[in-house]
Amino acid sequence: MQTNGYMFLVILALSGLSLTASQQQHEQIYELPEELKNFACHEDDPGVNECIRKGLQFGIDSLKTGIPGVRIAAMDPFHIDKATYQFANNFVRGKISLRNISVKGLSTIKVKNVDYSRRDNQAHFVVHVDMPRIIAEGNHRADVLINNAKISSKGSFTIILTNLVVKIIMDSELYERNGHEYARVLKLNFEPNVGDMKLKADGLLPEPILNNAIVDFINQNWRQFYKILIAESRPTWEPAAIKLVNDYSSYIPHDILVLKKS
């Protein structure tokens, strides 16, 4: 049972990425609107990394209101109607469904630094971000089999993450289409370090005393397993994350965001 609390985090990340990617409908953009042109960067500018950082920070700061000029909707709070995750290993297998999920705090993310490089048609990004406080709330339902003992749960949950430091590494290929250069992500990796995590949940077990004991155990021991779960779930979350980024980059050319060397 100790994996239940952090499993919620993995599911939220995966479902949020997948749902966003599947629901977005975009029109092609060939130039930035006037109010955003100051955020275009030049590859041959010695300050290109800081320029990209400022552009990313503007986008994150705008998550509460959205960016109409490039048709990006508001995403803080970020709502997910339903998400389902199935898992299995030698010890535990089962299915967890989450509903009515609200994620708050995405617009408070701070981009600390960016390292951008390009070689021919290959682009490489390394981004470091700080996330002061992320809160996820919703309802859960699970059917889990642990050593042939079936456990069913249903209730609500709140997860509070504080002081996250995340390193994002992204490799893309650049390609021509309709007279513009676009980026297609090939590899994407996250290296998260969480300052603290607190889980509140009811319905994990019918007996409130045992339920609270499990929640307390998770809150005391989550550091022992969260990195393992991130690694084990990578075959699922990496394709979802890549699809999300590529859905956006397919309608906004790379060369109107980062202008090529003259």
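Buried means under 20% relative accessible area, exposed over 50%, and partly exposed in between, using a 1.4 Å probe on protein chains only. This is a predicted model: local features need pLDDT of at least 70, side-chain atom pairs count only at pLDDT 80 or more, and totals for chains, interfaces and linings use all residues. Residues are numbered from 1 along each chain as its sequence is written, and side-chain values use heavy atoms, with hydrogens and water left out.

Select tyrosine 182. Its relative accessibility is 0%, so tyrosine 182 counts as buried.

Next, show the aromatic pairs. The whole structure has two. Rings of Phe, Tyr and Trp (its six-membered ring) pair if their centres lie within 6.5 Å; planes under 30 degrees apart count as stacked, over 60 as edge-to-face, the rest as tilted. Tyrosine 116 and phenylalanine 125 make a tilted pair, 4.8 Å centre to centre with 45° between the planes. Both residues are buried. Tyrosine 175 and tyrosine 182 have centres 5.9 Å apart and planes at 25°, so they are stacked.

Stay on tyrosine 175 and select arginine 184. The charged end of arginine 184 sits over that ring, 4.1 Å from its centre.

Move to serine 249. Serine 249 lies 7.1 Å from arginine 184, C-alpha to C-alpha, yet 65 residues away in sequence. Its relative accessible area is 14%, so serine 249 is buried.

Terms used. Lys NZ or Arg CZ within 6 Å of the ring centre and 35° of its normal.
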